[in-house]
Amino acid sequence: RLRSATGGQYQLPDRGLGLPVKHLITRTPIFVPPTATVQEAAQLMSEANTSSVLVADEPPGILTDRDLRRRVLAAGLGPDTLVRQVMSRPLIAVDAEMPVHGAIVKMLEEHIHHLALVEEGHIVGLISSTDLLRHQSESPIYLQRQLGDLRQPARLARYKGEITRAIDALYQGGVAAPQIGRIITTLSDTLIGRLVHQAEETLGPAPVPFAWIVFGSEGRSEQMLLTDQDNALVYAGDVQGAADYFGEVAAFVVDRLLQAGFPPCPGGYMATNWCKSLDEWVVIFEGWVLRPEPKALMEAGIFFDFRPVAGTLSLEALDEILAGAQRQGIFLAHLIQAANEFAPPLGLFNRIRSEDGTIDLKHGGIAPVVGMARALALAAGSRERSTLERLAA
């Protein structure tokens, strides 16, 4: 079980098994006539790099690699044997909208390795048990389980491609953007948690309790793809050697996140630069609220989305400062004004204006909504982190 942004617990939903099975189709179905020879069928399968072909008979049949081994080679039949003599029939077909988990159950019940997919009475594709296994290897659930072994740089380097395929599978399955963001953020949390644990194994136990925090889109549980690193480290008490130890932890984790495909933050808002004791963080947070200067407003807008993802140190002291911001009218006014400085890319007659043919959706669309939701949630005394939950508050 994993912590949600609001402190509750939830389990990552197995959305991949709910995808319509038609999204696993990788090619148009290949048919041969029942009067074709097994040699002709085998040549076609080899050229198409597939393990089966459909047989255009009534009712339709299927010829698979397994059929060629068992019913042709093992039986001592020759290459001129007709497909109709060795094909499997009846062909098992299901509706193309059936969820993946239904297709898995069907294969198990029928003891088969291929399923035809039908839309409006026509066969639109064929999937195999291998396709289902491959789909599971790209699902968030499978990926989360694989994050247990991150000691090899090559394993970390695969993360970027794996997360991209997982997002594509979720999107193709009709999962809404907020849920995708929550799922991808959870995977990032898992990755960071494992890396922090490895750092402790490598450097020895931490001298004092600590918390690894994230902010930005990951702090709001709205991460899509691999965004820039936005992280920091908080440790309890400035005991002797603590600063050096946690500086090494920060370098260890940040370096491996780079290997996994997370770019460095252009503004340097990473744990390698922001590794401080809790007392120091309290002073910084209070300074941002009490002295709302331009730089303070910018940094408050970044760090006030913080969320702990590893470690055991309580950050209630920082949460209380956020809750107290409700009483700081000047700070809130400046924060709202800063959010309003992000203007939608609109030109004459409210037509969308581009720069060099492109539109910065983050700067012109997302940032003002995120910034206003943050300011209004603080004004409401809410501790919510995600933009939608802040708007609801």
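Let's start with the lining of the second largest pocket in this predicted model: its residues divide into 11 nonpolar, 14 polar and 11 charged. This pocket has a volume of about 770 Å³. If you want to find it, look for S51, S52, T64, H113 and H114, which lie nearest its centre among the 36 lining residues. Several elements give two or more residues to this lining, namely the strands β4 (52–55), β5 (61–64) and β8 (122–128), together with the helices α2 (65–73) and α5 (129–137). The most comes from α2, with six residues.

Now let's move to the largest pocket, which holds about 1500 Å³ of space. Here 47 residues form the lining, and S217, R220, K362, V370 and R374 are the closest to the centre. Sorted by class, the lining has 24 nonpolar, 12 polar and 11 charged residues. The largest share, eight residues, belongs to α16.

Finally, let's see how two helices pack. Helix α12 (residues 278–290) and helix α14 (residues 316–324) meet at an angle of about 5°, and their axes are 10 Å apart. Angles under 35 degrees count as roughly parallel, so α12 and α14 are roughly parallel to each other. On the α12 side, the contact is made by L278, W281, V282, F285, E286 and V289, while α14 brings A317, L318, I321 and L322. By class, this contact has nine nonpolar residues, one charged residue and no polar ones.

Terms used:
Residues are numbered from 1 along each chain as its sequence is written. This is a predicted model: local features need pLDDT of at least 70, side-chain atom pairs count only at pLDDT 80 or more; totals for chains, interfaces and linings use all residues. Side-chain values use heavy atoms; hydrogens and water are left out. Axes are lines fitted to C-alpha atoms, for helices over the stretch in contact, and angles run from 0 to 180 degrees between N-to-C directions. Helices (H or I, at least four residues) and strands (E, at least two) are DSSP runs, numbered from the N terminus. Angles under 35 degrees count as roughly parallel, over 145 as roughly antiparallel, 65 to 115 as roughly perpendicular and the rest as oblique. Contact means heavy atoms within 4.5 Å. Ala, Val, Leu, Ile, Met, Phe, Trp, Tyr, Cys and Pro count as nonpolar, Asp, Glu, Lys and Arg as charged, and the others, Gly among them, as polar. On a 1 Å grid over the protein atoms alone, a cavity is a set of points where a 1.4 Å probe fits but cannot get out, and a pocket is an open set with protein on both sides within 12 Å along at least five of seven lines; lining residues have an atom within 4 Å of a point. Grid points are joined across faces, edges and corners, and a volume is the space filled by probe spheres set on the points.
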